[in-house]
Amino acid sequence: MANKVERVPESINFPAEEDKILEFWKKIDAFQTCLKQSKSRPKYSFYDGPPFATGLPHYGHILAGTIKDVVTRYAHQQGYHVERRFGWDCHGLPVEFEIDKTLGIKGPEDVHKLGIDKYNAECRKIVMKYAADWENIITRMGRWIDFKNDYKTLYPWFMESIWWVFKELYNKGLVYQGVKVMPYSTACSTPLSNFESGQNYKEVVDPAVVVSFPTDKGYSLLAWTTTPWTLPSNLALCVNPKLIYIKIQENKTGTCYVIQESRFPVIFKNTTDFMILEKFPGEKLKGIKYTPVFDYFVGQCPTAYQVLTDGYVTDDSGTGVVHQAPYFGEDDFRVCLAAGLITKDQEIICPVDSSGRFTEPVKDFLGQHVKDADKNIIANLKARNRLVQLGQVKHSYPFCWRSETPLIYKAVPSWFVRVEQMSLDLLKSSEATNWVPEYVKEKRFGNWLKEARDWAISRNRYWGTPIPLWISTDKQEVVCIGSIAELQALTGKEITDLHRESIDHLEIPSMRPGQPPLRRVSEVFDCWFESGSMPYAQCHYPFENKKEFEEIFPANFIAEGIDQTRGWFYTLIVLSTALFKKPPFKNLIANGLVLASDGQKMSKRKKNYPDPLEVVIKYGADALRLYLINSPVVKAENLRFKEEGVRDIVKDVFLPWYNAFRFLMQNVERLVQEDHVDYRFNEKAIRENVMDKWITSFTQSLIQFVKKEMAAYRLYTVVPRLTKFIDHLTNWYVRMNRKRLKGDNGGDNGVQDCQVALDTLFGVLFDMVRVMAPFTPFLTEFMYKTLRKLLPGDSLDSVHFNMIPDPRIELVDTNIERAVQRMQSVIELGRVLRDRKTIPIKYPLPEMIVIHRDTTYLDDVKSLEKYVLEEMNVKKLELTSDKEKYGITLRAEPDHKILGARLKGDFKAVTQALKSLDNNQCEKIITNGFVDLVGQKIDVSEIRLIFQATGSDQYEAHSDNDVLILLNVTPDQDMLDEGFSREIINRVQKLRKKAHLVPTDEVDVYFSVAKTSDILRIINLHREFIESTVRAPLIPIEQLSPTKPLIVEEAQELKGSQLKLVITWRKDVELPSNQWANIVLQGLTPRFGVTSNQASIILKDNENKFISLNKLYDEVNVLFGLYGLKYTLWCDGSEVKDTNNLNTKTIIASAAAPTPHDSKTVPACKFVNVANGTKSFTLFLENPLGKETLDRANAVKFVTQYLEINPVDVEKQIFK
C-alpha cells in the first residue's frame, strides 16, 4: 500500500452519499451478485404479501418493507440463500372500483352493457399504474427485492395454481354453496368476508326509531332499530326469554305497550306519564302474533309475524325487543331459521338488488337506495301512527374498505370454504408458529381462530380468477376444474388466459345423454383467496418447481401489519392447514400502524403527514429505516410519526457514529504521515489497555446478543441495543482514548500504543458495519468502502457480501464490562452534580468520594481510577464504605407523578409518613425494596431517596440508589486557572472545527488580547498545556506575517475580555502582489461558453487605485457573460457598497440574498506574480476557473509591454 490514506470529509450529506451508494450497487449489480454468491448455501424462504399497484406506497408499506429487508438481509449475512421476489395483487375491488369511477359504472347492468371483455381490458390497463413509483420508492429505501422475477396474480400460471388449490379443497368436501347474511358493499355490488368488514369502522350518526307492533292482546310491542330500511322485510320480533318485561299504560291516552323493564326509563324519560300494569319474563311473549308493519310478504310467510325468543337480545340498548329481518341480519337469520319461519332452501326474501336499491314487491320505495329510503320509511310509519319515537344514535359502523361507503348486511348466495370444522386444526397450526409479539398470536389471532366462521370466497364481480365450477342447469352435475390441461381436454379448446372473457363461453358436455352442457358459475374468487394461495401460485405449484417448493415450505418468515391478523395471515393459515395440515410459515412479525403525529389516521386529504420521499431526500433512507424499526411499531403497537424523530436519528446516532469513523481515519492518516507507519488493520493486535479490552469485549457481547435476539425475530430488543452501543463507542471509548488514538500519549511505546488503539477502534467499526448492515445498508456500505482499503489481503466489494462475524467468546470479559459499567455510573452521577452547581467540566475540582457497601464495587472503580480522574477533572478520588464519616444521611420523598396517580386520596398521608422516616428506615427500604406505611405497600421505585450531607457546604451528594457520590465543589485558584486555560483551548478547537481543519493540518494560531487582560496571564502560565493540546504554537498577533495564508479568524468575548484568534497555514504561500478577491455565482448560470462559477479579480487599477463599484460589476459581467441579467454582489452576508475592504474575501453574485459560502484563503484561479524591480504585476493564468486566459506567446507579449522588461525574463517568471 502506498503511504496514502483516503481522507474522509469533515461533514457528510447522508442522502447525497446514499444516492452514490445506489449507483455503486447498480454498477456492481449488488443484489444479483449476492444471490449468485449464495446459490449453493442452505435456502431461507420468505413470502412477500402482494400489494395493489393502484395506489402509492405509504409509511405502512415502507415500515413492513423495511422489516422484511432487515430480516432477509440478516439471513443472507448468516449464510443462507434468500430468494426475495416481489408480488403484485392485480385483481379485485381496488382495481374494479377505480374503473367504475372512471367509466361511471353504477351497477352490474352497466358492466354487461359495456361487455365483460371491455371492462376487464380497462382493469388490465391500470393494474400496474404506479408500479414504477413502487419500484422507485422501495429501491430508494435500500430494500433489495427482485422486481424482474416477480409474480402477479393475473398471470395465467398463477391463476392455474389457484384452481389447483380450490379443487383440492373441493375434493376434500370443504366447498359448498349456501345463503349467508354477509357484509355487503352496495357501491361495489359484492359481499365482503367477515374479516374485510372489520377493517374500516367509522363513527356515524344514524336514525334510531321506536316502532309499535300491535297485538290482539290489547297492547303493542315496542321494537327499536337504527336501520329503518330493514322494516319492510320484517318477519318476526325477538325477546330474551329470561329478561323481565313490563306492560305499561300511558295515562293520557290509555295506550298499552310492552317493553323490557330496564329500558323503560331510558326510552321514556317521564316514567310518571305511565302506569306499570304487569311484569313477566320474556318467555311469556313467545308465539304471540302481531300486525305486520308492512304487508309486502304476508302471503309468502304464513307462520311469520310472531314473537320469538333468544339469548342474544340484551338489556343494554334499544327496547329489549328486536325486530327480525332474517335476510338482513346474521342473528335474525339464525333465530328465524331455528324457529322454522324460514328454511335453507326456500326462495330468499331479499327485496334489495346488488346496488342496494329496493325491488318489487316493496312498491312504496321502489328503486330507492336503502340508506336514502330511511327518511321516507320513517315518514310512512309516522303517517300510519306506527312511529312511537324518533331520535339519533352515534355508533361505530362498518364501511367498505375500498369505496368508503356504509356496508349493509344482506343475504347472498355464495361459495364457502368450511372453516368452522377446522378450528382445532387451525389452532394447532398456529401453535407451531412463532409470532412477534407473541400476544398477537395468543390473543387476537387465537380468539379469531376459535370463533372462525365459514369463509365466503366468491365475489359477484368480473376482474378476478374465475371459480372453476361448471354446473348443469338442474344442478345435478358439477365439474370442478383444477388445471388448464383439464379444461382443454373437457372443452376441446386451446386456452391461453383464464379471465372471465376467455372462459365464460366454454361449455363442458353433460355426462347424461340428451342433457344440455354444463356452464361455469358466474362468480370469481375473493382476492384474499388469491393472496392466501401465493405460497403455491408464485412458483406454479404443483405444475412446476414441485421439489423446490417442498424444500422451502413452510416459509421461514413473513411480516405485515397487525391489520392482516384477520386478513392475509388468516387466509394463509386456513389454506395451508386445509391442504397440508401444517402452517405456511414458521416465524411472523406483526407491526403496528403508523399514524399521523396527532394520533389520527394518515390522510392524503388532510395532508397530516410528510411525504415519505421528501423525508428521505432530507434525512436519508437509513434514518427513516432506523426511526421506524426503533419504535413501538415493531411490537405491534402504534407509532405517531414525527419528522423530528427521523432528524434525531441523524443527530443522535448517525453523526456520532460517523464522527467516530472520521476520527479513526484522520488518526490513521496522521499515523501514516507523521509516524511513517504503513498501516493495515491487525486483527490479532495484543491489547493491554483496559478500555481496549472493554470495547472489544462489549462488541463481542453485542454480536452474541444480536444473534440470539435475531434468531427469535425480536427486532425491538436488537435495534435499541445497537443504537446504545454507538453511544458507548463514541461517548465512552473514543472520548476517553482520544490522546492514545491521536498519538499524544508519548513514551517509548507511544506509536505502538496508538496503533493498538487504532486497531481496536478499526476492529469495532469493522464489526459494527457488518452487524448494522441489514439495518442501515447505506451508511455501512459508505464506511466499508473506506475501511476495506486498510484490510490485509483481499476483501469483498460490498459490506453486504460479508457474513456477520461470529462472537469471539474468548474476548468477552464480563469483569471488565461490569467494572466499566460501574465507572460509567460514577461519572454520570458526578456530571449531574457539576451540572447542578453549573461548574463546567473544564474546571478541575479537588476531590470526588465514592461510597458503596460492596468492596468489589469500589475495587472495580479503583481499577479505572485514571479514567474517573480525567473524565471528572478532579485531582483526587476517594473510595470508601463509610458514609457516616462524611455526615451523609438519607431522607425519603414520594414520586409525585407515580404515587399520586396510584394513591389519590391517601397520597397526602403517605407523603407525611415518608418525610418522617429517619436514615435507618430509609436504609431498610433500599434493602427490602418496599415499605408499609398507613396501610399502603410502597415500592422503592415509587420513592425518591435523597442523600444529604449534613453540616458541610463543601460536598454535593448524589446517588442512583446503589452508589453514592460526594463531590468537593470548592476549587482553589490553581484549579480555576487551569479551567480558564481549558476555555482558551475550547475556543481554538471550535475555530479549527469551523474551518474544517483535520489533526494532520499544520497550522499556527495567532492571538490578540488587551495587555491588562487576565487571558494573557493564563496563556503564559499554561502555554505548554494549551499548545500541546491544540497541536499548534500560540503566537502574539503582532508577529503575523502578510505572507502567512489566512484560514480563519474570529474575535470573541472570554471572561470579560476581547480575544481575537487567527489561524494560518504554517508554511508561507505566495499570494497575489496586488489586492484581490474571489467571485462565486449563486443561483446564476454562466453564459457564452463559460462553464465555471468561480473566478478571481484584482481590486486595483494600473494607477494602484481601487476600482469603482460599477467597474467591479463590469468585470463580473465580462468574466461570466452575465450581460443584461439582474443580480447583486454580496460579501460577508451584506450587499457590496464599495471595493476598499474586499481584499482576500469572497464576493457572491446572486439575484437574492445568498446562502453562506466557505471562503478560500487563496485565489480560486492559478496566477503568477511578475516584477521589474519598481512595480509588480499579477497575471491570472486562468479566469474563470479552468478557462485559460492567454496562450504562452500572448502572455509573454502582454507582460513585456506592461512592465517594459526582457521577454526572456518574463518567460522565466511566468513559466518557472
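Predicted model: local features only at pLDDT ≥ 70, side-chain atom pairs only at ≥ 80, totals over all residues.
Visitor: How is the protein divided into domains, and how far apart do the C-alpha centres of domain 2 and domain 5 lie?
Guide: The division gives domain 1 (1–40 + 644–795), domain 2 (202–402), domain 3 (840–968), domain 4 (995–1065) and domain 5 (1076–1215). Take the C-alpha centres of domain 2 and domain 5, and the distance comes out at 93 Å.

Visitor: Let's look at helix 34. Which of its residues are buried, and what arc do they fall within?
Guide: Helix 34 covers residues 919–928, and Asn919, Cys922 and Ile925 are buried there. Looking down the axis, you see these buried residues line one face of the helix, because they fall within an arc of 115°.

Visitor: And which exposed residues does the face turned away from the buried side of helix 34 carry?
Guide: Here you turn to the face that points away from the buried side of helix 34. The exposed residues on that face are Asn920, Lys924 and Thr927.

Visitor: What caps the N-terminal end of helix 34, and what follows the helix?
Guide: At the N-terminal end, a side-chain oxygen of aspartate 918 lies 3.2 Å from the backbone nitrogen of asparagine 920, and this makes up the cap. After helix 34 the chain goes on to a residue with a positive phi, near 90°.

Visitor: On to the rings. How many aromatic pairs does the structure hold, and what is the geometry of phenylalanine 549 with phenylalanine 580?
Guide: The structure holds 64 aromatic pairs. One of them joins phenylalanine 549 and phenylalanine 580, with 6.4 Å centre to centre and 40° between the planes. That pair is tilted.

Visitor: How many residues apart in sequence are the parts that this pair ties together?
Guide: Phenylalanine 549 belongs to helix 19 (residues 546–552), while phenylalanine 580 belongs to helix 20 (residues 568–580). The pair therefore ties together parts whose separation in sequence is 31 residues.

Visitor: Are phenylalanine 549 and phenylalanine 580 buried, exposed or partly exposed?
Guide: The cut-off to keep in mind is that buried means under 20% relative accessible area. Phenylalanine 549 has 3% relative accessibility, so it counts as buried. Phenylalanine 580 has 27%, so it counts as partly exposed.

Visitor: Which rings do the charged ends of lysine 371 and arginine 386 sit over?
Guide: The charged end of lysine 371 is 4.8 Å from the centre of its ring, which belongs to tyrosine 397. For arginine 386 the distance is 5.9 Å, and the ring is that of phenylalanine 213.

Visitor: What strand order does the open sheet of five strands have, and which are the edge strands?
Guide: The order is 42-41-45-43-44, with mixed pairing. Each edge strand pairs on one side only, and the two are strand 42 (1094–1098) and strand 44 (1134–1135).

Visitor: How does strand 41 join strand 42, and what stands opposite alanine 1077?
Guide: Strand 41 (residues 1076–1082) runs antiparallel to strand 42, with five bridges joining them. Strand 42 is mostly covered, since four of its five residues are buried. The residue opposite alanine 1077 is isoleucine 1097.

Visitor: Which side chains make polar contacts with threonine 1178?
Guide: Threonine 1178 lies in strand 47 (residues 1176–1180) and is buried, at 8% relative accessible area. Its side chain has a contact of 3.3 Å with asparagine 1074 and one of 2.8 Å with asparagine 1169.

How values were computed
Residues numbered from 1 in each chain as written. Heavy atoms only, no water. Buried < 20%, exposed > 50% of the residue type's maximum accessible area, 1.4 Å probe, protein only. Arc of directions from axis to C-beta. Polar contact = N/O pair within 3.5 Å; in protein donor to acceptor, adjacent residues only side chain to side chain. Phe/Tyr/Trp six-rings, centres within 6.5 Å; stacked < 30°, edge-to-face > 60°. Lys NZ or Arg CZ within 6 Å of the ring centre and 35° of its normal. Domains from an automatic or database assignment. Pairing = 2+ DSSP bridges.
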